[in-house]
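Subject: Structure handover

Hello,

Here is the structure I promised you. Please open it first, then read my notes below.

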Amino acid sequence: MFNLGHTRSDRQPTHLLQTPDTFVGIPLPGFDCVTVIVHAAPALGAAFTQYTAEFEPGGSLGPAHGQRFLYVLDGAVSVALGSQTHQLTPGAYAHLPANQQHTVTASARSRVAVIEKPAISLLSEAPAPALFSSEEAVASEPLGGDSALEVKQLLPTTPGLDYAVNTMTYQPGAALAMVEIHVMEHGLLMLEGGGIYRLGNCWYPVQTGDFIWMAPYCPQWFGALGKTPAKYLIYKDWNRHPLPGR
């Protein structure tokens with residue numbers, strides 16, 4: 001039955017809510033047996049690219065454009081870098097520096113959240129090395145002392161890294177203590193549960209599988225609803241002067 005044009009998805013100058021009913025998969029050159037759902041890209045006005053890679057058995061990613069971050073949603077992938085191969089299962093993740101040859105291959109049907117961005121290097125610091133870990137290995141911290149809202153910082157704050165990726169988990173009824181307005185850009189993928197997101201002057205119901213892009217200075221706030229926790233994976237540019245080249 002046709003939905004007669006109805007969707008929760010919405011595109012505004014400062015934000016995007018993209019819901020699974022509007023996802024469109026595409027092929028990319030160099031990607032073998034992988035369908036890509038592009039969520040954020042320069043065509044949107046974003047300074048990074050985020051997509052979900054849906055692998056067929058034996059599928060592999062093509063070359064990265066800049067740094068690459070992987071977070072396994074379903075299935076399993078192997079990442080070969082240099083002489084080592086790392087196996088990533090759901091909740092595992094990797095940071096792969098720019099210009100380091102690697103392969104990402106799935107042995108079974110898998111879904112992986114992928115973030116790519118050009119590296120903003122510092123003359124005094126070498127780029128951060130590759131990193132492989134899992135979310136369960138990262139300690140959670142209460143946000144602003146609120147034990148009902150826990151943050152896991154998946155990547156360290158180090159001069160060699162110019163971005164951050166966190167998971168945030170809200171117990172039912174938990175909410176951000178303030179409306180945030182800041183210079184950082186976000187890409188957000190809802191992993192579990194749902195709630196209400198304020199973006200600019202719009203209020204959106206959101207749920208598992210939704211993607212949100214937030215431009216710099218977009219007013220933003222989230223509150224969890226329902227009987228189960230809400231959780232999302234969130235990207236932000238980080239640890240660099242807002243003036244280009246600083």
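Start with phenylalanine 48: this residue is buried, with a relative accessible area of 1%. Buried means under 20% relative accessible area, using a 1.4 Å probe and protein chains only. This is a predicted model, in which local features need pLDDT of at least 70, side-chain atom pairs count only at pLDDT 80 or more, and totals for chains, interfaces and linings use all residues. Residues are numbered from 1 along each chain as its sequence is written, and side-chain values use heavy atoms, without hydrogens or water.

**Aromatic rings**

Tyrosine 235 is also buried, with a relative accessible area of 1%. Rings of Phe, Tyr and Trp (its six-membered ring) pair if their centres lie within 6.5 Å; planes under 30 degrees apart are stacked, over 60 edge-to-face, and the rest tilted. That rule gives eleven aromatic pairs. In one of them, the centres of phenylalanine 48 and tyrosine 235 are 4.3 Å apart and the planes lie at 35°, so this pair is tilted. Phenylalanine 48 is in the loop between strands E3 (32-40) and E4 (49-60), and tyrosine 235 is in strand E20, so the pair ties together parts 187 residues apart in sequence. Strands here are DSSP runs of at least two residues, numbered from the N terminus. Ring pairs also join Phe48, Phe69, Tyr93, Tyr163 and Tyr235 into a cluster.

**Strand E5**

Is strand E5 (residues 67-74) buried or exposed? Seven of its eight residues are buried, so the rest of the structure largely encloses E5. Two strands pair if DSSP finds at least two bridges between them. E5 runs antiparallel to strand E10 (residues 110-117), with seven bridges. There, arginine 68 stands opposite glutamate 116. E5 is also antiparallel to strand E8 (residues 92-96), with four bridges. Leucine 70 has alanine 94 in E8 as its bridge partner.

**Nonpolar cores**

A nonpolar core is a set of buried Ala, Val, Leu, Ile, Met, Phe, Trp, Tyr and Cys residues joined through side-chain atoms within 4.5 Å. The largest has 25 residues, and Phe69, Tyr71, Leu154, Val165 and Trp213 have the most contacts inside it. Its largest share, three residues, comes from E5. A second, separate core has 21 residues, including Tyr197, Ile212, Phe222 and Ala230.

Best wishes

Technical notes
Buried means under 20% relative accessible area, exposed over 50%, partly exposed in between (1.4 Å probe, protein chains only).
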